[in-house]
Amino acid sequence: MIPAQHIHPMLVHFPIVLIYTLVIIDIVLLAHGNAVTKRSGAGTISAFVALAAGVFAIGTWFYGGLALDHAEAAGFSSDIAEIHESLGGVTAFTFLIWGLARLAFWTRNRESRMLAIAIPLVEIGGAILVTATAYYGGLLVYELGVNVAKAAVAG
């Protein structure tokens, strides 16, 4: 069985890649005049990438909490971890709400000019949020070595 603290690093890249991909997909589709809120091929891809980003973000947040609990049980404590944990929670629930909103837009199957402007702006905001969250996660791993086994140095 995989230890719980190792699942977060396996999942963390999915919501990051999915939100960046969603921004690109929606900007390209909207630039070509495609509605991303309709049940078209483009709209379906866009809606379900948004939903997948939300689902993976929640899973990543959950396992991130377990990984932090494991590190804290071993004596780790850091303000960086608290910032990352807070940003992770905000990111996860924001992405989940956005994914569910996109599913609702897709279900309604209507085109909206206002949404055509708002959707990429909201998703760019999400990309900025996930970038900030990832930055602090990177500090935890690469600067502080949280839950990372030290490589043996040959002498």
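Predicted model: local features only at pLDDT ≥ 70, side-chain atom pairs only at ≥ 80, totals over all residues.

Residues are numbered from 1 along each chain as its sequence is written, and side-chain values use heavy atoms, with hydrogens and water left out.

First, the core. A nonpolar core here is a set of buried Ala, Val, Leu, Ile, Met, Phe, Trp, Tyr and Cys residues joined through side-chain atoms within 4.5 Å. Buried means under 20% relative accessible area, exposed means over 50%, and partly exposed is in between, using a 1.4 Å probe and protein chains only. The largest such core has 19 residues, and L22, F95 and W98 have the most contacts inside it. Two or more residues each come from α2 (13–31), α3 (41–73), α4 (79–108) and α5 (113–143). Helices are DSSP runs of H or I with at least four residues, strands are runs of E with at least two, and both are numbered from the N terminus. Which helix gives the largest share of this core? That is α2, with 6 residues.

Contact means heavy atoms within 4.5 Å. Leaving aside residues up to four places away in sequence, W98 touches L22, A50, F105, I119, V122 and E123. A second, separate core has 5 residues, among them L68, A71, L140 and V146. In soluble globular proteins, nonpolar side chains tend to be buried together.

Now α2 itself. Its buried residues are P15, I16, L18, I19, L22, V23, I25, D26 and L29. What covers them includes α1 (7–11), α3, α4 and α5. Just after α2, G33 takes a positive phi of about 80°.

On the surface, W61, F62, L66, F93 and I97 form a nonpolar patch with about 480 Å² of accessible area together. Patch residues have over 30% relative accessible area and no salt bridge, and nonpolar side chains (Val, Leu, Ile, Met, Phe, Trp, Tyr) are joined within 5 Å, like charges within 9 Å. A salt bridge is a side-chain nitrogen of Lys or Arg within 4 Å of a carboxyl oxygen of Asp or Glu. Areas come from the Shrake-Rupley method with a 1.4 Å probe; for residues, only the protein chains shown count as cover. The largest share of the patch, 3 residues, comes from α3. W61 lies in α3 and is partly exposed, at 36% relative accessible area.

Last, V148 sits in the segment after α5. V148 is partly exposed, at 41%.
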